[in-house]
Amino acid sequence: MELGNLSALFWGLLAVPIVIFYILKIRLRRAPVSTLMFWDQIYEESRPRSIWQQLRHLLSLLVQLLFLSLLVFALMDPIFSWEKLRAQRIVLVVDNSASMNATDVAPNRLAVAKQQGRRQIRGLRHRDEMAIVSAGSVPRVQCGLTGHQRTLRDALDAVPATDGPTGVAAAVTLARRLLADHDNTKIVILSDECFAEASDFAAAEDVVIVPAGGKAENVAITQFQVRRSLIDPIGYQILVEVINFSEQPIQCRLEIELGGAVVDVVPLKLAAEEHFSKTLDQTSAEGGRLVARIDHQDALAADNRAVALLPQTKRQPVLLVTDGSLFLQRVFEAIPIVDLTMTDTLPQEVSPEVLVVYHRQSPEQLPSGNVLVIDPAGPSDLWTLGGPLENPIVAKQKSDSPLMTHVRLDNVLMPGAKKLIFSIEPEVLVASIDEDPLFCTIERPQGKVLLLNVNLAKGDLPLRTAFPIMITNAIGWFQGNQGELREAISTGRVIDVDLSSLVSSRDTEDVPEVSFVLLSPDGKPRPLPGNVTQTTIGPLDQCGVWRIERRPAKRESEMESDCEPILEFACNLSNAQECDLRPAKEFEQQAPADVFGFGGRPLWFYLIVAALLLAAVEWCLYQRRWIS
Amino acid sequence: MPLFDSEFLKKLEYLSLVSRRVFRGQLLAQRRTMQMGGGIEFADHRDYTPGDDLRYLDWNVFARLGEPLLKRFQEEEDLHVYLFLDCSRSMGFGDPSKFDYARRITAALAYIGLADLDRVSVSAFAGDLLDSFPLTRGKERILTLLQFLEQLESQGTVTDLARVTTGFVHRRQRPGLAIVISDLFDPAGFQRGVDILRHRRFETHLVQICDRRELEPDLAGDVELYDVETGDTKKVTVTERKLRQYRTVFGNFQKSVESYCRKYGLGCTRTTTDVPFDELILQMMRTAGAVM
């Protein structure tokens, strides 16, 4: 046995005044009475116990000295050697994944797990140490090894609820690393056991699983994505997947809203374990938040709702320079995103955003920006004009170009086509038998140029279905539309964001010092590193729409509510394992409080308790005069 | 502060006047006393109380009315009043001491007797007769009597009333009213001494004086009890339980005094020193009616 505080031995000197007071006490006070007649009658019965009467004062002194000895011994903080050896190191792995938000147990599985955790903390013995690791998307050490129970309780209470996938396996690995240098270790997992490695950990000797939840049925949206159509400039496609994680068939409805307006309702009748997956085509020039909901009451609410971001279609201003072509006019007017302006004279100055369409006209110097030339009438800075082609039949076309998507021009006659000699090598999309370009693109620093070498009035191309598709593809190509997909991210994922591409140089000129802030769906800001071009965000452990805002560094607090988001991410619980609320395996219920034994306290605590008990006994026997 | 000051004398005079007003017209003469069976002339009736001698029950009245009434007679002779004052050390206990209180009571009773032309004597006793004031008559003798009382001290060892009364009756005293003023803490028992008086046909009255601290001792814890009369000591631990036992034992003692007096038709007055002596005298005259 070792003594932690040997100097406390000096408190033993208190025995001296105790003995002095004892001597003073046994010198009895003399009380005169008129007669002893009556007192003799009373104390006559006590005479056989006179030996005890004499010893009782001595016993009182011994009790007091023993009380002092216990206190002094407690102050000296005695430690047994076996106590040091048997000290346990425990890591509490708290599963705070999405499935722990299930409400099949009140109030939810995470709260129950925390209750179990508090019981584990209460069961800590003296010199035991515990660490707390959260097992969300990324395992985090919430509290290092310590024996201070209040710190552990605070750390346990601070474990947040997340919508992320479980990371119990990684957390156990982390816990084992924490305990690597210690003996007598144990890992306690507080989880609903809805993870694949549960059976492995149940068999492990150093791991104890304390279940926090039961078996619950659930219906979940496990996939929800949207993208703009590659063909239809205002069309979009929705991919949705719903899984019935139960052993009973269910009926429910899948409602999809765009900006608050219902765009589709799909009745669902799912058998047990059935997967429903479907692609839905919708049209809308407007973008916004696309929200999917299933009206089914189950234990987990986070997977009954999913959100995706539909990009807004950009409007394309088009300046048609022609002396008259009804075909072209009608084609451009039929495209919903086109703002058409017509003129018959060559413009002097054109905005770079405007697509200029030259029909049967050709300026000597093509303007900057995007240009579509149909049936060029003369030479320009990019080509010189030759004679008419002898056999302008389409013989070859490049089908892998986005400009030729869904376009088939085999053997189509292109009358009026002319021989062209280019100063820059074009990319030929459609060529004649003699491999003369009939439809080609020219890349130049000032902008894109698309050239259609055909006389629309003479041929039947405008009458073909391929013609409006070609023009629509051309509009998309000029806009750079590649079927934009803003992927709805699964919770727990980490993404890379190019911050430099989000802010144009013109924007930053006004505000030289800028900072980026990541806002979670519940509005909690997380500052992103400034002055970097690329950063990593995540893990995104909350369902909803995450935003990145740009804020002036000096006015961060002031601009909090004024800033427009420069980037948004939709984040959904698209994790079938998390949505399945049934444990991977049926485990035997364990008694959580028995994990560490009962009531571990330091020796000084028991000494103090013994001293207090002794004081209580002394008070009852002597102060209450039970001993007389 | 003198024991018998002018204020005390005023109170004695007041008590004397009150006693005359109370008893005149009832006793018809100053030298008469009411004594059960002591005379032949019928005086009045009083209610029967348990312990009364059934020989004096008026059977005619009982037969006619159904109420047990006792006949009272007047004895037509000079009344001899013998006052026995306990001077043992136990009487010196208390604040004010029981001894001072007893001397005032003795003085008051003697004054009333002398004022009524009775013959009064005072015997101071403890283990034996310590001093005595012989039979005297006349109100003018009161000052001498007070001087006698004032020079007395609580002394002596163990109270022995039997020895005192034995010596008293051996002196062939004429029967009369014997008033014993004491705490009655006689280890041999006060009954023996009183029995001797009773057997010699003395009309006996006991005045038991106690101190409040004898009724309710303010003792607790480990104490050494010191008997002021014998000098004996006793080391005890006084607990609540023991105090309860003490109160029971002391209460039993007082009940024994009361039952003894009732049994033999003796007058009995019990008091504590915190009761003013004049109130006690009035109370004795009103309730017992046996004093004068």
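Q: In this predicted model, how many Å does helix α3 (residues 98-115) of chain B reach from its first C-alpha to its last?
A: Helix α3(B) has 18 residues. At 1.5 Å a residue, the expected reach is 26 Å. The model comes close to that. The span from first C-alpha to last is 25 Å.

Q: Is α3(B) largely enclosed by the rest of the structure or largely open, and how many of its residues are buried?
A: A residue counts as buried when 20 or more other C-beta atoms lie within 10 Å of its own. Most of this helix passes that test, so α3(B) is largely enclosed by the rest of the structure. The number buried is 17 of the 18 residues.

Q: Which residue just after α3(B) takes a positive phi?
A: Most residues other than glycine have a negative phi. Just after α3(B), one residue takes a phi of about 65 degrees. That residue is B:L117.

Q: What percentage of the residues of chain B count as buried?
A: Chain B contains 9 helices and 11 strands. Among its contacts with a separation of 6 or more, 75% join residues 24 or more positions apart. The chain has 292 residues, and the buried share is 38%.

Q: Which element gives the largest share of the side of chain B that touches chain A?
A: The contact takes 30 residues from chain B and 17 residues from chain A. On the side of chain B, β9 (221-227), β10 (233-238) and α8 (240-263) each give two or more residues. By class, that side has 13 nonpolar, 4 polar and 13 charged residues. The largest share, 8 residues, comes from α8(B).

Q: Which residue of β9(B) is the bridge partner of A:R30?
A: Strand β2 (residues 29-33) of chain A is joined to β9(B) by 5 bridges. The two strands run parallel. In β9(B), the partner of A:R30 is B:E224.

Q: Are α5(A) and α6(A) roughly parallel or roughly antiparallel to each other?
A: Helix α5 (residues 109-122) and helix α6 (residues 149-157) of chain A pack with their axes 10 Å apart. The angle is about 170 degrees. Angles over 145 degrees count as roughly antiparallel. The two helices, α5(A) and α6(A), are therefore roughly antiparallel.

Q: How many charged residues does the contact of α5(A) with α6(A) have?
A: From α5(A), the contact uses A:K114, A:G117, A:R118 and A:I121. From α6(A) come A:Q149, A:L152, A:R153, A:L156 and A:D157. By class there are 3 nonpolar and 2 polar residues, and the charged ones number 4.

Q: Which residue of β8(A) stands opposite A:V188?
A: Strand β7 (residues 185-191) of chain A runs parallel to β8(A). They are joined by 5 bridges. Opposite A:V188 stands A:V208.

Q: Where does A:P107 lie, given the cis bond from A:A106?
A: The peptide bond from A:A106 to A:P107 is cis. Its omega is near -10 degrees. A:P107 is placed in the loop between β4 (89-94) and α5 of chain A.

Key:
Residues numbered from 1 in each chain as written. Chains lettered and ligands numbered in written order. Predicted model: local features only at pLDDT ≥ 70, side-chain atom pairs only at ≥ 80, totals over all residues. Helix = DSSP H or I, 4+ residues; strand = E, 2+ residues; numbered from the N terminus. Expected span 1.5 Å × (residues − 1). Buried ≥ 20, exposed ≤ 12 C-beta atoms within 10 Å, placed from the backbone. Contact = placed C-beta atoms within 7 Å. Nonpolar A, V, L, I, M, F, W, Y, C, P; charged D, E, K, R; others polar. Pairing = 2+ DSSP bridges. Axes fitted to C-alpha atoms, helices over the stretch in contact; angles between N-to-C directions. Parallel < 35°, antiparallel > 145°, perpendicular 65-115°, else oblique.
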